[in-house]
Amino acid sequence: MDKFPDWLASTLASDATEGRGVLPLWISSLKPDARAVGPAFVALMGQDDNLSVREAIQAPHAPGAVLVVAGGSTSRTATIGGLMALEMQNAGILALVTDGLVRDAREIRQMQQFSVWCRGVTPTASQKQGPVVVGGSVSIGGTLIRDGDLVIADDDGVVIWPKEQIDVLLSKAEAK
């Protein structure tokens with residue numbers, strides 16, 4: 001989103017919140033030099049099941065949204081692969097942040113307009129049986145993420161700013 005300045009990095013975002021809203025360090029960028037700043041759009045996946053992600057891609061969301069998918073912290077299968085990443089990019093989704101795994105890592109790394117922050121990679125595909133939970137709020141590593149919260153993600157990690165505090169936190173980050 002052009003409303004957020006290029007200088008806004010996860011380190012400044014974390015400083016502005018005094019360390020609150022930082023996702024666990026085991027969620028990291030799939031490719032170097034990736035950066036995404038945009039409004040969160042959330043989904044909750046089931047154990048080894050990504051039907052919610054498929055539904056989220058089809059659901060209405062803000063342009064430049066960052067899809068945040070929780071519920072994958074113990075999954076052994078991929079939250080997305082290369083085809084779903086391409087669908088997300090084509091739907092105007094800027095990035096994916098998930099506590100799950102992804103597959104087709106090489107394909108995803110080569111995408112110019114789409115980035116991923118995740119727990120790791122796997123070759124195993126997910127089931128698509130549900131349940132489906134899209135929108136509302138999710139939690140990753142004890143951090144609550146709601147639709148419309150601001151996601152700031154780069155090589156240093158992922159920080160979530162509550163939507164009601166974005167202007168105040170942006171001022172604090174700029175002052176830093």
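Helix α1 is mostly covered, with 6 of its 8 residues buried. The model is predicted.

Reader: Is α1 roughly parallel or roughly perpendicular to α5?
Author: Helix α1 (residues 10-17) and helix α5 (residues 166-175) pack with their axes 8 Å apart, at an angle of about 115°. Angles of 65 to 115 degrees count as roughly perpendicular. The orientation of α1 to α5 is therefore roughly perpendicular.

Reader: How many residues of the contact of α1 with α5 are nonpolar, polar and charged?
Author: The crossing of α1 and α5 is right-handed. From α1, the contact takes Leu12, Ala16 and Thr17; from α5, Leu169, Lys172 and Ala173. By class, the residues of this contact are 1 charged, 1 polar and 4 nonpolar.

Reader: What is the arc within which the buried residues of α3 fall?
Author: In helix α3 (residues 82-90), the buried residues are Gly82, Met84, Ala85 and Met88. They line one face of the helix, because seen down the axis of α3 they fall within an arc of 160°. On the other side of α3, the exposed residues are Leu83 and Asn90. The arc asked for is 160°.

Reader: Which elements do the buried residues of α3 pack against?
Author: The buried residues of α3 are Gly82, Met84, Ala85 and Met88. They pack against helices and strands, namely α2 (51-58), β3 (66-70), β4 (78-80), β5 (95-98) and α4 (105-110).

Reader: Is aspartate 33 buried or exposed?
Author: Aspartate 33 sits in the loop between β1 (28-29) and β2 (36-44). Its phi is positive, about 65°, although the residue is not a glycine. Its relative accessibility is 67%, and over 50% counts as exposed. Aspartate 33 is therefore exposed.

Reader: Is aspartate 48 buried or exposed?
Author: Aspartate 48 belongs to the loop between β2 and α2. Phi of aspartate 48 is positive, near 55°. Its relative accessibility is 6%, and under 20% counts as buried. Aspartate 48 is therefore buried.

Reader: What is the omega of the peptide bond from glycine 130 to proline 131?
Author: Most peptide bonds are trans. Proline 131 lies in the loop between β8 (120-121) and β9 (133-134). The bond from glycine 130 to proline 131 is cis, with omega near 10°.

How values were computed. Residues are numbered from 1 along each chain as its sequence is written. This is a predicted model: local features need pLDDT of at least 70, side-chain atom pairs count only at pLDDT 80 or more; totals for chains, interfaces and linings use all residues. Side-chain values use heavy atoms; hydrogens and water are left out. Buried means under 20% relative accessible area, exposed over 50%, partly exposed in between (1.4 Å probe, protein chains only). Helices (H or I, at least four residues) and strands (E, at least two) are DSSP runs, numbered from the N terminus. The arc is that of the directions from the helix axis to the C-beta atoms. Contact means heavy atoms within 4.5 Å. Axes are lines fitted to C-alpha atoms, for helices over the stretch in contact, and angles run from 0 to 180 degrees between N-to-C directions. Angles under 35 degrees count as roughly parallel, over 145 as roughly antiparallel, 65 to 115 as roughly perpendicular and the rest as oblique. A crossing is left-handed if the near helix is turned anticlockwise from the far one by less than a right angle, and right-handed if clockwise. Ala, Val, Leu, Ile, Met, Phe, Trp, Tyr, Cys and Pro count as nonpolar, Asp, Glu, Lys and Arg as charged, and the others, Gly among them, as polar.
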